[in-house]
Amino acid sequence: MIKNEHIARYIGILANRLRREIDALASCGEYSCAEGKILHFIFAHTDGEIFQKDLEEEFGMRPSSASALIKKMEQNGLITREPVPYDGRFKRIVPSEKALQNKENVLHGVQALESRLLDGISKEQQEQWLAITKKMIQNL
């Protein structure tokens, strides 16, 4: 603790404000905030295959919650699940054409938010913050 400043309090305030901003970005009327967050994650990770377990880890979801959300997104025509040739038990999550129509808006909105968030913070400070945050996550 630093001079009666509670780090956890400020992390909580930042998390709440960031969550509100992301929720506002993610909801485009065609899908829910949760669906928008999932789509952003899928769009941002084009370098590999995305599976349900990846969503569970990224968003801290229980398997049942992730499964229900994926099923809803599939019913809403936002994603499809495709089997992978190397293991019939796994199905990768792929954005649909309907979802791809909003890709640029989703990605641009998050990039603009991150630029706003980091305004006036040097690269060195960003690297320090990231290292400290990762350590705090490990500590928990």
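Mentor: A contact here means heavy atoms within 4.5 Å. With that cut-off, residues 24 or more positions apart account for 48% of the contacts in the protein with a separation of 6 or more. Please keep in mind that this is a predicted model.

Trainee: How many helices and strands does the protein have, and in which order do the elements run?

Mentor: The protein holds seven helices and two strands. Read from the N terminus on, the order of its elements is α-α-α-α-β-β-α-α-α.

Trainee: What share of the 140 residues counts as buried?

Mentor: The C-alpha trace spans about 55 × 30 × 25 Å along its principal axes. The protein exposes about 10200 Å², of which carbon and sulfur atoms supply 53%. Of the 140 residues, the share that counts as buried is 23%.

Trainee: How far apart are the mean positions of the positive and negative charges?

Mentor: The protein carries 20 positive and 20 negative charges. The distance between their mean positions is 6 Å.

Trainee: Which residues of helix α3 are buried, and what covers them?

Mentor: Helix α3 consists of residues 52-59, and glycine 60, with a positive phi near 60°, follows it. Its buried residues are Asp54, Leu55 and Glu56. What covers them includes α2 (33-44), α4 (63-75) and β2.

Trainee: Which members of the largest nonpolar core touch the most other members, and which element gives the largest share?

Mentor: This core has 17 residues, and Leu39, Leu55, Met73 and Ile79 touch the most other members. The elements that give two or more residues to it are α2, α4 and α6 (103-118). The largest share, five residues, comes from α2.

Trainee: Which residues does isoleucine 79 touch beyond four places in sequence?

Mentor: Isoleucine 79 is among the core members that touch the most others. Leaving out residues up to four places away, its partners are Leu39, Ile42, Ile70, Met73, Glu74, Ile93, Val94, Pro95 and Ser96.

Trainee: Why does serine 96 count as buried, and which residues does it touch?

Mentor: Serine 96 is placed in the loop between β2 and α5 (97-100). Serine 96 counts as buried because its relative accessibility is 12%, and the cut-off for that class is under 20%. Apart from residues up to four places away in sequence, serine 96 touches Gly77, Leu78 and Ile79.

Trainee: Is phenylalanine 51 buried or exposed, and which residues are in contact with it?

Mentor: Phenylalanine 51 lies in the loop between α2 and α3. With a relative accessible area of 9%, phenylalanine 51 is buried. From glutamate 97, 46 residues apart in sequence, phenylalanine 51 is 19 Å apart in space, C-alpha to C-alpha. Neighbours within four places in sequence aside, its contacts are Val84, Tyr86, Phe90, Lys91, Arg92 and Ile93.

Trainee: Is alanine 66 buried or exposed, and which residues does it touch?

Mentor: Alanine 66 is part of helix α4. Its relative accessible area is 1%, so alanine 66 is buried. The C-alpha atoms of alanine 66 and glycine 36, 30 residues apart along the chain, are 14 Å apart. Not counting residues up to four places away in sequence, alanine 66 touches Gln52, Glu56 and Met61.

Technical notes:
Residues are numbered from 1 along each chain as its sequence is written. This is a predicted model: local features need pLDDT of at least 70, side-chain atom pairs count only at pLDDT 80 or more; totals for chains, interfaces and linings use all residues. Side-chain values use heavy atoms; hydrogens and water are left out. Helices (H or I, at least four residues) and strands (E, at least two) are DSSP runs, numbered from the N terminus. Buried means under 20% relative accessible area, exposed over 50%, partly exposed in between (1.4 Å probe, protein chains only). Accessible areas come from the Shrake-Rupley method with a 1.4 Å probe; for residues, only the protein chains shown count as cover. Lys and Arg count as positive and Asp and Glu as negative; His and the chain ends are not counted. The place of a charge is taken as NZ of Lys, CZ of Arg, CG of Asp or CD of Glu. A nonpolar core is a set of buried Ala, Val, Leu, Ile, Met, Phe, Trp, Tyr and Cys residues joined through side-chain atoms within 4.5 Å.
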